[in-house]
Every structure is written in structure tokens, then in C-alpha cells.
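This report examines selected residues and helix contacts. The sequence and structure under discussion are shown below.

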Amino acid sequence: MSPDAPDSAEEDAIGLRKIIHVDMDAFYASVEQRDNPELRGRPVAVGGSASRGVVAAASYEARRFGVRSAMPSARAKRLCPDLVFVRPRFDAYRGVSRQIHAIFADYTALIEPLSLDEAYLDVTADLRGIGSATRIADLIRQRIRNDLQLTASAGVSYNKFLAKIASDQNKPDGVCVIRPGQGAQFVAGLPVRRFHGVGPRGAEKMARLGIETGADLAAKDIAFLKQHFGKFADYLYRAARGIDLRPVQPNRPRKSVGGERTFAQDISTGPALRETLDTIVDIVWDRIERADARGRTVTLKLRYADFALVTRARSVAQRVADKTEFAALGHALLDEMLPLPQPIRLMGLTLSALEGEPEERPKDTAQLSLL
């Protein structure tokens, strides 16, 4: 091991945890199919069907045609002509999410929600004396099925990174267990695209460096990773070895909710920029609703063709009331920057200064992102 490498002895010092990651299957679409029998067995997309609409969630029947969340609705309709669009009902989804979390609370107080439809659970203490984290996961899934007529997938392991990867392994309606001593071997066979935080462009960069699997990543020393990935190197080094020291954090404060898009071709014209911003607004507002977040500051991020990054922010006295106000603030920021000095390759929009959080002033500095 390199002298600069992260020390895995920390993991031994804290002992092995028992972590479950529960992820609902096609949550929004499944709730709609449950509540409307006419939708069952049909390809369903939750989201707007208009030309600028975006798919917020897709049923598994729709996914077989290649329909995915965050996809423009027009493209989804071309892929699946029989696709049924349903307007989102976020109040209903939040209500179901509360019921799911009430089930979680019967087994542990250590619950870290990631969104309305997924959460980490630390069941190390085994409050009910069930004797097995896998058995607890099975009981939770069974109760979700029986009480709510929905299905969930679960990953069970000794840390959060492995549990999250495992929950996606046997979807839908499945369980995957990665036991102590199996983490590094399990990760070795995965494509790096499965690593949380490694997006399409990050995977492309890794492929150019000869890194396509977890085993390829584990073969690189920490110096190589820092040279090519900077601050992200420590995470990649640990992940390739199945190491994750983060505890489950109940009520973890969220500082912002946002999203961004990197373009296949740089864009610069006003109409193209505004249309792209509308798409990002749709995607980010969906995330805001899913997180049940409210904030007062909207930040627009642009990365120019030469990779220079600029951000502009605007705060309001009261929390942003709805999607219309969020979009208006984003467009006002964009209009102030037009015409751009050069084309851009990335655009992002973020809501921050969330309720209960101190307002943070955005900085015009580059941020590492493989998303």
C-alpha cells in the first residue's frame, strides 16, 4: 500500500456495521399504478407530456423500451408510442414515503433518508432481536408489500457504499447481500459506471486511462488517482476496495438541491440556452419536491468551452414558492449573462439557503464533478 493511501485500519477500529439500503421500485410510477388499476401492466411515465416535458419516473414496463427518468418526454414517446403520461402527485408520494419510514422506525432509529423513495438503515443494534440484517430487510420488504401494495429492493452489507450498490443488483423486488470479506471481490467485477458519483463522462475519462472495472481501479495507486482525479481520488481508492467509513446519519442536513447537464455539443444561442434551462428546471424541481426542500437562493452555474466556471446567484426574502418562481429566477440570472462571451459545455441550477440552514454565498470556483 502506498504511504499516502487511505488507511483501512480505521474500519477495523470502528467494527463492522450492519447497513441496509432500501430503494423503492419505480416509486412514483408504482404508486400511480397502485392507485389506478387501469395503469397496471401498462408503460407509465410520471411527468409532463408537453414538448418540453421531462420524465420524472418510469414504470418497469416503460423501461423495457428504454424510457428513463430525466429523459425529455418527446423522446420517451418516440421510444414507446403507447406510453401513458401521468401528472405527478407529490403530496401522495410524500404521504406514502411517511408510511414507509414508519415501517423503518419499527426496526431502527438510525435512518438516513436520501429521497422520498430510498434510505440507509443501520440495524447493528438489532433492537428487536431478530438476529440478522438480511432477515430485517426481508421483513421490511414484506411489510411494504403487504401494507402498501408496493415493492422495494434492498442491499445489505457492512457499509453504505456496498449496501447501495447491492440494492440495485437484483431490482426489482430483490435483495442482495455482501458479507464481510466479500466487498473487494464484489466491487472488482463491477463496471466503474456503477460507482456512485461516476457519471458517463467520468466513465469515459476512466476508460481512456484503462479503467473500466473495479479491479482496474484497484490496480491504480493513490498517486495516480490523485494526479487524474484530484480530491475524488480518496473516494475512488476506498470504493475500489469496498471501504466506506461513513456512518448512517439520521436527519442529515441538506444544504442544497440541484442538477446539471453536460452537452454533447457546446451551445451559445439564447433560444437553445433558455430551452436547456427549462429542461433543467423540470429535473431539479422534481428533486426539490422529492426532497421536500424549500429555500431562498437560486444559483445558476455555467461552464464555458474552455472549462472556466462561473456562477451567479439571487436570493429572495421568502422561500421560493413554486416551480414557476424557481424558473423565473433561473431565467433572470441567465438573461443577465447574455450574450455569453463563449459557448458553454455545462449548465446547472441549484436551490440553496434551505429552511433551517444558514445562507451560503456561492463562489466562482471550479468544482470537481464526475457526474
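## Surroundings of Glu118

In this predicted model, Glu118 is in contact with His21, Val22, Asp23, Pro113 and Lys164, once its neighbours within four places in sequence are left aside. Glu118 belongs to strand 6, which spans residues 118-122. The relative accessibility of Glu118 is 16%, and the residue therefore counts as buried, given that the class covers values under 20%.

An annotation also applies at this position. The UniProt record, an unreviewed entry, carries the annotation "active site" for Glu118.

## Overall composition

The protein contains 14 helices and 12 strands. Of its 371 residues, 48% are buried. Among the contacts with a separation of 6 or more, 65% are between residues 24 or more positions apart.

## Helix 5 and helix 6

Two packed helices are described by the angle between their axes and the distance between the axes. For helix 5 (residues 90-105) and helix 6 (residues 133-148), the axes come within 10 Å and the crossing angle is roughly 140 degrees. The two helices, helix 5 and helix 6, are therefore oblique to each other; an angle over 145 degrees would count as roughly antiparallel. The crossing of helix 5 with helix 6 is right-handed.

On the side of helix 5, the contact involves Val96, Gln99, Ile100, Ile103 and Phe104, and helix 6 contributes Ile140, Arg143, Ile144, Asp147 and Leu148. Sorted by class, the residues of this contact between helix 5 and helix 6 comprise seven nonpolar, one polar and two charged.

## Helix 11 and helix 12

From helix 11, Ile222, Leu225, Lys226 and Phe229 meet Phe232, Ala233, Asp234, Leu236 and Tyr237 of helix 12. The residues in the contact of helix 11 with helix 12 comprise seven nonpolar and two charged, with no polar residue.

How many of the eight residues of helix 12 are buried? Six of them are, so helix 12 is largely enclosed by the rest of the structure. The buried positions in helix 12 are Phe232, Ala233, Leu236, Tyr237, Arg238 and Ala239. Phe232, Ala233, Leu236 and Tyr237 also take part in the contact with helix 11.

His331 is located in helix 14. With a relative accessible area of 17%, His331 is buried. Apart from neighbours within four places in sequence, His331 has contacts with Arg274, Leu277 and Asp278.

Arg319 lies in the loop that joins strand 11 (309-315) to helix 14 (323-337). Is Arg319 buried, partly exposed or exposed? The relative accessible area of Arg319 is 43%, so the residue is partly exposed, as this class lies between the limits of 20% and 50%. Arg319 and Arg294 are separated by 25 residues in sequence, while the C-alpha to C-alpha distance between Arg319 and Arg294 is 6.1 Å.

Key: Residues numbered from 1 in each chain as written. Predicted model: local features only at pLDDT ≥ 70, side-chain atom pairs only at ≥ 80, totals over all residues. Heavy atoms only, no water. Contact = heavy atoms within 4.5 Å. Helix = DSSP H or I, 4+ residues; strand = E, 2+ residues; numbered from the N terminus. Nonpolar A, V, L, I, M, F, W, Y, C, P; charged D, E, K, R; others polar. UniProt positions renumbered as here; feature names shortened; annotations may be inferred. Buried < 20%, exposed > 50% of the residue type's maximum accessible area, 1.4 Å probe, protein only. Axes fitted to C-alpha atoms, helices over the stretch in contact; angles between N-to-C directions. Parallel < 35°, antiparallel > 145°, perpendicular 65-115°, else oblique. Left-handed = near helix turned anticlockwise from the far one by under 90°.
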